[in-house]
Amino acid sequence: MRKILALPPKSVISAALACGLFLAAGSGFVFAQDPQTGSETVAKPKKKTADDQDADQQKIPSEFKRAKEANPDNPTFRADTTTVSVEVAVLDDKGHFIPKIPRDRFRISEDGVPQKLSGFALGEAPMTICMLIEFSGRWQAYWSYGWRETLMASYGFLQTLKPDDNVAVVTYDLHTTILSDFSPDKSKAQEAMAQLRIPGFSESNMFDALTDMADRMSGIEGRKAILIISTGLDTFSKLTFDKARKKLQEAGVPIYSVSILQIARINAEARGMSQIMEMDFLQADNTMKTFTKETGGQAFFPRFTGEYPGVFQAISEALRNQYSLSYHPSNTAKDGKFRRIKVELVNGETGEPLRIVNEKNKPIKYQVIAKTGYNAPHEVD
């Protein structure tokens, strides 16, 4: 087991803290009047044998537990109905959340077939976040630029979390290491990140680490997400890109990514970076975009450390302020196939795209962020 080492030098922590302190900008909107440690985690244990069942640990803390357990003496009823829940964020062209959108302005389709909403809610809630940090000898050698930027991003994001938010710290290189499990106690996360001193292996098995954590978090209730701080490169994972992509779709955990070493890449390109390395990084960026988009998250590629406050603000707004939609799919076949979801904002009377204007009555561009689909359940024998 690794020893907990001293905190990083004050200069690094100070920079990270400074990066995390910022003012949240607000903006108003008006709708046009037309007729979203090294120990194993207890979030979701891996498959166990019968001998392991007695050693099962309690689940992670969640602010969205059921009010009470069902009384075994009372009869229970099971409806043969599937409910699909979709968390939606609507952001303007500056990344700010757009509030107060009425229910009838949302249109959700499954495989091109419009669905009838059965549930709609808007609210701000505590988050359960897994900070998944790439920490390999290839890019985060002690006191290198990559090491400092990784710590700055990690400590900076941690400072933006609220007291009720649960956070876990996980790193990966050749292996995935859980430094601290989910807890609202931010001091545990601080102690965990104090171990980020000397990286071990030079490999970066992102696919394996990301799918493992998404699978473990799939059963957590409430607002949840994975924040991955990484180059996006994968060197030695057991899973291929396609298999990782499918597993992430099935887990349904939103992924937000912050790409590091963007400025270092710019400098390297100016000095004649090899075409092979340049293609590797471009592919890594595309991988991050794909994983985040399909799980309902966002990918960020800050080129300067001064951009981090805005990135963290955008992530916080997208996660805390969401529209929660639900529906009973018209396609009731339990075939395990992937169903594609599309969420749009429309004029309830004309069906045309919704026009949103700002306080000056000027139209604004906006984006609707939601997961792109889900896997239908299988028939149970």
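Is K100 buried or exposed? In this predicted model, K100 counts as exposed, at 69% relative accessibility, because the cut-off for that class is over 50%. The residue is found in the loop between β2 (84–92) and β3 (106–110). Its backbone also deserves a look: phi of K100 is near 60°, a positive value in a residue other than glycine.

N361 sits in the loop between β14 (356–358) and β15 (366–369), and with a relative accessible area of 55% it is exposed.

The surface also carries a nonpolar patch of about 330 Å², made by Y142, W143 and I198. Of these residues, Y142 belongs to the loop between β6 (127–134) and α2 (145–158). Its relative accessible area is 42%, so Y142 is classed as partly exposed.

Attention now turns to charged pairs. Side chains of opposite charge can pair when their charged atoms come close. The model holds 10 salt bridges. One of them joins the side chains of E110 and R339, with an N to O distance of 3.5 Å. E110 lies in strand β3 and R339 in strand β13 (residues 338–345), so this pair ties together parts that are 229 residues apart in sequence. How accessible is E110? E110 counts as buried, at 3% relative accessibility, and R339 is likewise buried, with a relative accessible area of 3%.

A further salt bridge is formed by R320 and D165, whose closest N and O atoms are 2.5 Å apart. This pair links distant parts of the chain: R320 is in helix α8 (residues 308–320), while D165 is in the loop between α2 and β7 (166–172), 155 residues apart. Both R320 and D165 are buried.

The salt bridge between D285 and R265 connects two helices, and its closest N and O atoms are 2.8 Å apart. Since D285 lies in helix α7 (residues 275–295) and R265 in helix α6 (residues 262–270), the pair ties together parts that are 20 residues apart in sequence. D285 and R265 are both buried.

Methods: Residues are numbered from 1 along each chain as its sequence is written. This is a predicted model: local features need pLDDT of at least 70, side-chain atom pairs count only at pLDDT 80 or more; totals for chains, interfaces and linings use all residues. Side-chain values use heavy atoms; hydrogens and water are left out. Patches are made of residues with over 30% relative accessible area and no salt bridge: like charges are joined within 9 Å, nonpolar side chains (Val, Leu, Ile, Met, Phe, Trp, Tyr) within 5 Å. Accessible areas come from the Shrake-Rupley method with a 1.4 Å probe; for residues, only the protein chains shown count as cover. A salt bridge is a side-chain nitrogen of Lys or Arg within 4 Å of a carboxyl oxygen of Asp or Glu. Helices (H or I, at least four residues) and strands (E, at least two) are DSSP runs, numbered from the N terminus. Buried means under 20% relative accessible area, exposed over 50%, partly exposed in between (1.4 Å probe, protein chains only).
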